[in-house]
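Here are my notes for your review. Please read them with the model open.

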Amino acid sequence: MLLLVLGLAGIVPAAIGWVLGLIGIAYAVSLYAVGAPIDPLAPAVAGGLLLVGELSYWSLELRRPASGRALISVRRALSIAGLTAATGVMGSLILLVASLPLAGSLLTTMAGAAAALGALALVMVLARRLAG
Amino acid sequence: LWIGGAGLLAALLLGRPEPAVLAAGFLIAATAGLLLAGRPRLEVEVAMDRDHVLEGDEVTVTTSLHAGTPIPQVLIEVALPPTLRPPGGIACRAATLRRGERHEIPIAFKCERWGGHVLGEIDLQCRDRLGFFVSSEKVKVRLPLRVYPRPEQLVELVPAAETQVLAGNEVSRQKGDGIEFADLRPFLPGDRVRRVNWRVSARRGILHVNELHPERNTDVIVFLDTFVELRKAGPSEATSLDLCVRAAAALVTHYLARRDRVGLVGFGGTLRWLRPAMGKMQLYRLIEALLDTEVAFSYAWKGIDALPRRTLPPKSLVIALSPLVDERSVPALLDLSGRGYDLAIIEIPAEAFAGPGTSETDRLAYRLWTMERDALRDGYRAHGVAVATWDGGRPVQAVLEEVLTFRRYARHLHA
């Protein structure tokens with residue numbers, strides 16, 4: 001909480017990312033330690049976490065006062081809402097796939113790892129394209 | 001991205017889907033941000049509507065933007081000197097540009113203090129739709145702006161004790177060709193017939209002629225004490241130099257309007273002067289010189305001997321604008337008076353910039369200091385020099401009236 005306050009106050013803006021990471025770790029560890037079944041609220045948690053991050057960084061941007069921002073703010077708010085909704089939908093799909101009665105094997109684990117690496121690689125390729 | 005990566009890794013290690021769900025949101029956001037982002041291409045032109053304004057006027061800087069790519073958010077901020085303020089306090093504007101769109105963004109600001117400025121930088125910041133990527137650029141421009149002091153209306157000026165030889169608006173004490181009646185005297189060979197006062201001549205039995213006062217101009221030197229600048233706490237308060245320059249601008253404008261020759265002496269760490277002259281060109285020269293007035297710190301001891309002789313012509317009226325604080329300007333003014341210059345002092349009172357302290361000792365010191373300052377003013381008055389104080393709270397004309405009253409009173413005493 002203190003880290004989030006430091007981040008929002010603009011003293012350590014990078015602290016916002018760390019706060020989101022720590023909240024995510026705390027959530028995952030709590031589920032693993034208890035050995036709870038699949039949490040159906042996970043998509044909502046994911047959406048909420050993304051919303052906190054987006055709104056936090058947006059509030060940092062708004063620290064620089066500027067006029068003529070009304071329309072831009074509306075578009076930004078709609079974009080954030082869209083992202084949050086997409087997170088919810090994607091999270092629900094992941095949970096749906098995870099709840100399918102499939103037998104776990106090395107093959108499925110490798111396929112999952114490959115999918116994870118593929119997702120990260122896609123993002124990296126896009127980032128490199130923008131940088132180039 | 002690292003949160004997304006860590007989430008996926010945690011999902012694999014823990015064998016639970018929830019970390020992957022958390023990671024999905026951040027990966028979706030990163031992918032969307034990267035897909036929507038692009039290098040912004042923007043052409044910028046900057047123009048200002050005026051480059052000469054009066055204090056208190058508004059100036060508009062218009063930034064013309066031509067977007068080569070769509071830019072969801074662009075922030076434009078003009079780097080302004082502290083004396084130029086945007087009316088709402090915000091000098092930053094935001095806009096959205098489509099590809100190929102031309103957009104003009106006017107930013108108005110108020111000129112709160114006289115002076116010369118150069119607007120040299122426009123800060124541009126482009127963001128993508130999600131605000132993930134920021135592209136900043138500082139556009140160098142060179143927009144000079146001269147802010148002139150707002151002129152005050154003066155009805156009556158302080159007349160010089162003695163006039164010069166050129167024609168002007170001041171009635172001379174000498175006798176000669178003019179309009180104002182001065183005296184009567186018996187007719188002498190060579191007198192013009194049209195000067196004969198027939199009524200008096202008939203009554204006295206011999207011819208009498210009228211003597212007249214000619215209208216002449218005067219030499220006026222505005223003496224600006226720039227050794228020190230007194231200021232109150234707070235950025236918007238006028239300093240003693242601000243008040244000096246405002247009063248000086250009003251005086252030079254009105255003296256030049258009545259065909260007097262006006263000069264300027266900036267007596268301070270840096271000596272600056274303008275020889276007396278008349279006309280519109282001189283007005284521009286004087287105002288430009290006033291705009292460049294600043295306090296230059298110096299320990300060097302200076303007297304009026306340091307000034308070129310032609311800067312202070314004989315029989316000129318010297319109007320000194322000074323807070324009478326610096327130990328170099330106080331004796332210099334007395335020196336001027338001792339050398340026979342017709343001197344009047346408009347004092348910017350230092351008391352307006354300093355208050356008594358909170359402790360008993362501070363208050364006692366303040367009282368002693370104010371008594372010292374009263375004694376200083378009385379010293380000038382004892383030398384026949386008019387001293388009037390002006391703290392900016394009333395018109396300059398009221399101060400000139402004080403000077404006029406003192407000079408009238410002093411003349412009666414002298415008579």
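1. In what order do the 4 strands of the open sheet in chain B run? The order is β1-β3-β7-β5, and the pairing is antiparallel. Strands β1 (42-48) and β5 (84-85) of chain B each have a single partner strand, so one side of each is left without a neighbour in the sheet. Keep in mind that this is a predicted model.

2. Inside that sheet, β3 (residues 58-67) and β7 (residues 102-111) of chain B pair over 9 bridges, in the antiparallel sense. For B:H66, the bridge partner in β7(B) is B:R102.

3. Helix α7 (residues 360-382) of chain B has 23 residues. At 1.5 Å a residue it should span 33 Å, and its end C-alpha atoms are 33 Å apart, which agrees. Buried residues in α7(B) include B:R373 and B:R377. Their cover includes α6 (329-338), β18 (342-347) and β19 (386-389) of chain B. After the helix comes B:G384, with a positive phi near 85 degrees.

4. The whole structure holds 3 aromatic pairs over all chains. The ring centres of B:F223 and B:F267 are 5.2 Å apart and the planes lie at 40 degrees, so this pair is tilted. B:F223 sits in strand β14 and B:F267 in strand β15 of chain B, 44 residues apart. Both B:F223 and B:F267 are buried. Ring pairs join B:F223, B:F227 and B:F267 into a cluster.

5. B:Y366 and B:W369 lie 3 residues apart in α7 of chain B, about one turn of the helix. Their ring centres are 5.8 Å apart with planes at 50 degrees, so the pair is tilted. B:Y366 counts as buried at 18% relative accessibility, whereas B:W369 is partly exposed at 28%.

Notes: Residues numbered from 1 in each chain as written. Chains lettered and ligands numbered in written order. Predicted model: local features only at pLDDT ≥ 70, side-chain atom pairs only at ≥ 80, totals over all residues. Heavy atoms only, no water. Pairing = 2+ DSSP bridges. Helix = DSSP H or I, 4+ residues; strand = E, 2+ residues; numbered from the N terminus. Expected span 1.5 Å × (residues − 1). Buried < 20%, exposed > 50% of the residue type's maximum accessible area, 1.4 Å probe, protein only. Contact = heavy atoms within 4.5 Å. Phe/Tyr/Trp six-rings, centres within 6.5 Å; stacked < 30°, edge-to-face > 60°.
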